[in-house]
Amino acid sequence: MNYLTDKHKQLSESQQSGLMLWFGRLPMDKKAVAIGLSLTVGISSAAMAWQGTSSDRIYFCVKTPLKTLTCSDKNGRPFRMTPFYWQQWKSDGMPRQVVRDPAMGVNGLVKATNPYKPFWGFGGFLGFALAGWMLRHCQNEEKQRAVFEDIALHRDAAKAEMAARSELLESYRDVAIAEVQLQADLDLIANDRTVDITKAEIYAHTEIEVTQMEASEAIFEAQTAGMTEQQKADYIKQLREMKTPYLQGSQTLAGTIDPNDKVTGADSQAIAPNDKYRWIKNTIGYPTLIFGGMGAGKSWTTREIIWKKVQAGWNIVALDPHGTIVEWRGVRLITGYKEIALFMQWYMDEMRQRYEDYRKSGLTEEQWTERLRNSGKMLSVICEEFTTWTDNIVEPMPDDCEDEKWKPDPDFVGRWFRCAMTESRKQLMIPLFVAHDRTMEILAKAKGLSKLRDAALLEVELIATIDPITTEAKASGQGKIKLPGHGQWIDIELPKLDRKRIDFRLDESVISDAQSNTSHVEPKLSTDSETAERIWQLEFNLDKPSSDSSPTPSLTPVAQSLLQYLQRTGRTSAVIQEIQPNFKVKGQRFNSEELKRLFNELVENSLAVWLDASTIEIAPNQTDGQNGQD
């Protein structure tokens with residue numbers, strides 16, 4: 001045996017007996033004989049130990065009052081005990097009725113038939129134990145030997161496999177050589193035939209040229225018949241100096257068919273920008289995905305696309321979990337994951353409602369789309385930081401569901417993503433997704449929908465580059481675009497921007513230009529509150545007249561619900577600790593930080609003022625307005 005260390009060898013030898021060392025050096029046949037002898041000794045000793053009795057017995061009887069002897073119990077077993085216990089009983093006071101059984105042995109005493117029974121039993125145990133020890137030793141050695149035999153078997157199998165592969169490769173080599181030789185012969189034959197055909201073509205062409213030359217000479221002779229030698233020389237000189245009648249001046253044949261010959265270099269530069277950025281127009285009417293790494297320019301490019309949508313008359317809703325109103329002027333901003341979840345639920349409900357209205361309208365698809373466009377219901381949803389939505393957005397609880405029974409759909413974001421991606425274009429509710437990658441694991445964890453993504457989304461990839469000085473990622477100004485249903489990526493150039501657009505409000509000049517180019521652009525409203533009112537009407541109160549709509553359209557849906565709750569309860573002031581246990585939206589309650597943010601939203605919209613860190617006072621016109629409505 002190979003030992004790992006000297007300590008391993010010392011421990012192994014200390015646990016090994018001399019008998020086993022002697023037994024281990026025996027050949028296999030002698031080991032079998034030793035094990036057989038040990039088993040024979042064990043079996044014989046066990047058989048001897050099984051027979052006879054190992055001690056003397058005294059059989060006795062009990063005299064009955066009738067002077068009869070009872071020598072056994074009710075089960076027929078005789079009364080007996082060893083001489084030791086008989087003497088002890090006798091010394092303790094044996095009754096006179098107990099007498100030895102005269103029918104057994106000598107005066108009831110029966111001698112032991114096998115006095116060495118314990119020794120035979122120990123001999124049997126020793127024989128069996130020794131045989132088991134030797135078998136265990138053989139089993140251990142056999143286990144070690146099996147490892148080496150298994151290795152040898154694998155080695156022989158590997159050698160046989162290599163030999164078979166070598167033989168097979170040799171056969172392949174012979175076949176390959178034969179194929180190459182055959183192909184070479186075929187190529188030589190084909191080359192010979194090609195040479196023969198080429199020669200025939202050359203001969204035929206030569207014959208034709210000779211014939212043409214002879215015909216030309218005959219025509220020339222006919223044309224110059226009757227001319228003197230001088231006249232013939234002048235005629236030949238005139239033919240040589242003549243130009244092609246279809247070309248004039250410095251023109252060439254290539255110049256007459258080249259379309260670029262009609263446009264100067266300055267004109268070409270003047271129309272180049274329109275061609276470079278034409279791809280932006282495609283993103284206005286298609287569900288679009290913009291993706292790229294850090295610093296690739298996603299935010300700046302997205303905002304330029306939004307600006308084009310605003311100029312085309314689209315109503316914009318920006319879903320930015322961490323956005324601020326400062327960077328989204330002129331569009332409706334929904335921030336916070338809970339508020340975004342509420343809007344997503346409204347979006348799907350509105351989508352179903354529009355399809356139901358379309359089925360009942362009796363209009364064609366083109367007529368229905370034009371009707372939506374003319375009524376100002378074109379809605380574009382900007383999904384910023386879409387990569388984080390699945391980990392933070394939970395399906396909102398319906399109003400008619402109890403808290404303990406509500407189980408949100410884990411695929412809520414994926415379900416909304418599929419709805420926005422596939423059903424939005426016909427109802428003019430176009431989404432624009434902004435993410436870091438295009439994999440379905442990133443996009444709402446919607447695995448297995450890569451084919452649907454390729455067929456339904458217009459994708460724009462922005463490419464980042466590394467600044468050689470700061471070694472930070474920055475926008476390269478280059479990207480790629482793939483149209484829905486097409487597998488080809490087309491290189492594009494991004495607009496050159498010197499700042500990030502944060503204001504999307506149209507001025508008068510832009511409105512007039514947009515109205516002259518687009519027939520369905522609505523006029524600019526005079527104030528921001530009117531703009532917010534119009535967006536609220538278009539997105540949340542489509543079927544109600546403006547008189548029934550909410551007077552505070554700039555609030556988020558949750559803040560609007562809070563204001564209505566305060567008005568409904570007739571409060572003039574509100575404390576966070578007092579509102580928290582009583583206020584909920586669709587079964588959802590809010591912690592103190594969330595209520596503080598909702599209070600601050602009311603204050604920012606001049607609907608309330610702060611009295612202290614946790615208390616606001618409702619503006620009087622708000623409570624009066626509610627009472628007037630009631």
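A crossing of two helices is called right-handed if the near helix is turned clockwise from the far one by less than a right angle, and left-handed if anticlockwise. With that in hand, here are some close-ups of a predicted model.

**View 1. Helix H11 crosses helix H12 in a right-handed way.** Helix H11 covers residues 337-361, and helix H12 covers residues 365-374. Their axes come within 11 Å and cross at roughly 125 degrees. That angle makes H11 oblique to H12.

**View 2. Side by side, H11 and H12 meet through residues from each helix.** Look on H11 for Arg354, Asp357, Tyr358 and Ser361. Their partners on H12 are Glu365, Trp368, Arg371 and Leu372. Sorted by class, this contact of H11 with H12 holds four charged, three nonpolar and one polar residues.

**View 3. Helix H11 also crosses helix H14, and this crossing is left-handed.** Helix H14 spans residues 412-422. The axes of H11 and H14 come within 11 Å, with a crossing angle of roughly 45 degrees. H11 and H14 are therefore oblique to each other.

**View 4. Here are the residues where H11 and H14 meet.** H11 brings Ala341, Met344, Gln345, Tyr347, Met348 and Met351. From H14 come Phe412, Val413, Arg415, Trp416, Cys419 and Ala420. By class, the contact of H11 with H14 has 10 nonpolar residues, along with one polar and one charged.

Definitions and conventions: Residues numbered from 1 in each chain as written. Predicted model: local features only at pLDDT ≥ 70, side-chain atom pairs only at ≥ 80, totals over all residues. Heavy atoms only, no water. Axes fitted to C-alpha atoms, helices over the stretch in contact; angles between N-to-C directions. Helix = DSSP H or I, 4+ residues; strand = E, 2+ residues; numbered from the N terminus. Parallel < 35°, antiparallel > 145°, perpendicular 65-115°, else oblique. Contact = heavy atoms within 4.5 Å. Nonpolar A, V, L, I, M, F, W, Y, C, P; charged D, E, K, R; others polar.
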